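Hello,

Here is the structure I promised to pass on to you. Please have it open while you read; my notes follow below.

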Amino acid sequence: MTFNDFNFDDTLLEGLFSMGYKQPTPIQEQAIPVLTNNKDLIACAQTGTGKTAAYLLPVMNHILHAEKRHLNTLIIAPTRELALQIDQQVDGMGYFCGIGSIAIYGGNDGITWEKQKRALKEGVDIVIATPGRLIALLQAGDINFEHLQHLILDEADRMLDMGFFDDIKTIINYLPKKRQTILFSATMPPKMRLLANQILNEPESINIAISKPAAGIVQQAYVVHDKQKEGILKEVLKNPDYQSVIIFSATKENVKALEKSLKAIETNIKAFHSDLEQPEREEIMREFKSKKIRILIGTDILSRGIDVDGISLVVNFDAPGDPEDYILRIGRTARASKAGVAITFVNQRDQGKFSRIEDLMGYEVTKMPIPAELGEGPAYDPEANKKMDGKKPFKGGSGNKGGGNRNHSGGKKHFKPRK
Ligand code: AMP
């Protein structure tokens, strides 16, 4: 199957090809015909599968053929990072067809409020918004969805994790009942089914095998005491093959502390966390993308939607809280069929959790020997630790589950007007 089989507008195809997309990915092959037929869809697909283009392409094609152009599509995303990335994909694919889009998210000043409102008045086809900021606009009457035809919830599971269930339902009350609704999620917890039943109309359903890391990722684990982690990491980072590295840690405090400590061996390193101002975050991402920064340390806020090619190493300094987080984190490497290495430090408390991740993937991750000078690690006994977990559930893990922001004030404008 090729993109020519979908009967897309030539200008859209031009945009696609200029981005280097040659062939549709499996989620695109399956979702595009369903969405072109105007059906509702619930799709289980992770970041990295090409899910964004899977819903953007049919929607953009539809916009191009609309008789009259109005604000046509609303995409709700959990974080500003994801909202911006979706907007960038609209820009890229829509480069030759003049589709106007705006990303709306909280955390900025009052001037951008005004600019944003003006941009909405001038007219855009697609709004990409985080829930809190969108509700503020809706309540102020600054956005009008009377002509809306497509609603997309992206990374819906993360939005539920972040407590946006009620916000989403509030937003939906402002939308026309007759619309196409599309829900994308990496996982399908029961609450998602509940939401889907309430907002989708006889949806088709697609499930792109989740919970399997890409084949190109070499996975390794070190079974360690906490105090051994830094020493091993410093050894690992000496390897010059690791030119672009992401390190995940459980909390932003840990992230900051680790940045400080690693600066002793590598100056080309930055911490990425929710205390940074948005322009700083954007600058860091730009520099990481362009490989000016070698090592980026962050919480799970980094694990979704970050679209950077050529990451050679992902390190889970703290083992993630659940299997989906693990797969999302290590999925930052080996993108687009390239090889990459993912290393996880597993302390005694995390052994049960890590073993469940292995169960889910259906294989064991190679356990690496600890360098002799760092002493012996603990014994690996996941079964015992699984039982211990049962008695004393560990609440740490991927500490920044919330990841994004729910700031109702301010709002940075990122706007490309309709041509
Ligand atoms: P996503 O799952 O939407 O986050 O997409 C992951 C990455 O794959 C992004 O960098 C996209 O630009 C890229 N991508 C999406 N579709 C294709 C395709 N058909 N061919 C090549 N790259 C793609």
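To start with a term I use further down, a charge sits over a ring if NZ of Lys or CZ of Arg is within 6 Å of the ring centre and within 35 degrees of the ring normal. By that rule, K229 lies over the face of F317, 5.4 Å from the ring centre. K191 lies over the face of F165 too, at 4.7 Å from the ring centre.

Please bear in mind that this is a predicted model, in which local features need pLDDT of at least 70 and side-chain atom pairs count only at pLDDT 80 or more, while totals for chains, interfaces and linings use all residues. Residues are numbered from 1 along each chain as its sequence is written, and side-chain values use heavy atoms, with hydrogens and water left out.

**Overall**

The protein chain has 15 helices and 15 strands (DSSP runs numbered from the N terminus: H or I of at least four residues for helices, E of at least two for strands). Of its 419 residues, 57% are buried, where buried means under 20% relative accessible area, exposed over 50%, and partly exposed in between, with a 1.4 Å probe and protein chains only. Among contacts (heavy atoms within 4.5 Å) between residues at least 6 apart in sequence, 80% join residues at least 24 apart.

**Cores and a covered strand**

The largest nonpolar core has 42 residues; such a core is a set of buried Ala, Val, Leu, Ile, Met, Phe, Trp, Tyr and Cys residues joined through side-chain atoms within 4.5 Å. L41, Y55, L57 and F184 have the most contacts inside this core, and helix α3 (51-64) gives the largest share, nine residues. Leaving aside neighbours within four places in sequence, L57 touches F3, F8, L12, L16, I32 and M93. A second, separate core of 40 residues includes C44, L138, I171 and I199.

Strand β4 (residues 126-129) is covered on both faces: I126 and I128 on one side, and V127 and A129 on the other, are all buried. β4 pairs in the parallel sense with β2 (residues 73-76) over four bridges, and likewise with β3 (residues 101-105) over four bridges; pairing here requires that DSSP finds at least two bridges between two strands. Opposite I126 stand T73 and S101.

**Aromatic pairs**

There are seven aromatic pairs in the whole structure. Rings of Phe, Tyr and Trp (its six-membered ring) pair if their centres lie within 6.5 Å, and planes under 30 degrees apart count as stacked, over 60 as edge-to-face and the rest as tilted. Y95 and F96 have ring centres 5.1 Å apart and planes at 85°, so they are edge-to-face. Y95 is exposed at 56%, whereas F96 is partly exposed at 36%. Y222 and F345 form a tilted pair, 5.8 Å centre to centre with 45° between the planes. Because Y222 lies in strand β8 (residues 217-223) and F345 in β13 (residues 340-346), this pair ties together parts 123 residues apart in sequence. Both Y222 and F345 are buried. F3, F6 and F8 form one aromatic cluster.

Most residues other than glycine have a negative phi. N7, in the segment before α1 (10-18), has a phi near 60° and is exposed, with a relative accessible area of 66%. E155 has a phi near 50° and sits in the loop between β5 (150-153) and α7 (156-161), but is buried at 3% relative accessibility.

Best wishes
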